Amino acid sequence: MPNLTVNGRTQRVAAEPETPLLYVLRDEFGLDGAKFGCGLGQCGACTVEVEGRAVLSCLTPIGVLEGRPVTTVEGLGSPENPGPLQAAFIAENAAQCGYCIAGMVMRAHALLRSNPHPSEAEIREALRLNLCRCGTHMRILAAVRRAAGGKPASTGATP
């Protein structure tokens with residue numbers, strides 16, 4: 001039974017070492033930001049950070065995580081006090097159904113940690129593993145640019 005540190009909180013986990021992190025996050029930690037999408041690592045809805053790197057929690061067994069900090073979207077802020085990246089996603093109205101957004105936010109967060117001012121091509125490359133069926137890609141890209149201090153997308157309104 002490994003100890004896991006998630007969002008700064010360490011807890012002994014009752015699951016077997018081969019159990020996917022996604023199940024432990026949702027069932028034992030009560031964190032439901034990371035979503036079960038495909039279970040095959042093909043959609044990105046379950047993306048979290050491990051030691052600052054974006055990982056697919058549906059494919060990551062908890063046995064390899066002891067001593068390695070995990071951050072979920074809940075660890076970036078709250079509805080009452082969203083973190084900067086979350087605030088950018090809100091400002092750009094980047095969510096439609098919301099299913100992919102936590103994974104998108106976490107992959108963007110990992111990118112911005114390693115590259116605070118990415119180019120458009122770098123943002124697109126970082127997010128290419130995360131799927132959005134609603135088609136809010138342009139607003140998602142605008143949110144990441146906004147969080148990186150780039151020019152936010154135009155709202156079309158005249159000043």
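1. The lining of the largest pocket comprises 9 nonpolar, 5 polar and 3 charged residues; here Ala, Val, Leu, Ile, Met, Phe, Trp, Tyr, Cys and Pro count as nonpolar, Asp, Glu, Lys and Arg as charged, and the others, Gly among them, as polar. The model is predicted: local features need pLDDT of at least 70 and side-chain atom pairs count only at pLDDT 80 or more, while totals for chains, interfaces and linings use all residues. Residues are numbered from 1 along each chain as its sequence is written, and side-chain values use heavy atoms, with hydrogens and water left out.

2. The volume of the largest pocket is about 370 Å³. Of its 17 lining residues, Val-73, Gln-86, Ile-90, Ile-101 and Val-105 lie nearest the centre. H2 and helix H3 (101-114) are the elements that give two or more residues to this lining. Helices (H or I, at least four residues) and strands (E, at least two) are DSSP runs, numbered from the N terminus. A pocket is an open set of points on a 1 Å grid over the protein atoms alone, with protein on both sides within 12 Å along at least five of seven lines; a cavity is a set where a 1.4 Å probe fits but cannot get out, and lining residues have an atom within 4 Å of a point. Points are joined across faces, edges and corners, and a volume is the space filled by probe spheres set on them.

3. The second largest pocket has a volume of about 230 Å³. Its lining includes Cys-97, Tyr-99, Cys-100, Leu-131, Cys-132, Arg-133 and Cys-134. By class, this lining has 9 nonpolar, 2 polar and 1 charged residues.

4. The whole structure holds 1 cavity of 30 Å³ or more. The largest cavity has a volume of about 30 Å³, and among its lining residues are Lys-35, Gly-39, Gly-41, Cys-46 and Cys-58. The lining divides into 5 nonpolar, 5 polar and 1 charged residues.

5. Helix H2 (residues 84-91) packs against helix H5 (residues 137-147) at about 135 degrees, with the axes 8 Å apart. H2 and H5 are therefore oblique to each other (under 35 degrees is roughly parallel, over 145 roughly antiparallel, 65 to 115 roughly perpendicular, and the rest oblique).

6. Strands S3 (residues 47-50) and S4 (residues 53-56) run antiparallel and are joined by 4 bridges; pairing requires at least two DSSP bridges. Val-48 has Val-55 in S4 as its bridge partner. The hairpin has 2 residues between the strands, and Glu-51 takes a positive phi near 50 degrees.

Notes
Axes fitted to C-alpha atoms, helices over the stretch in contact; angles between N-to-C directions.
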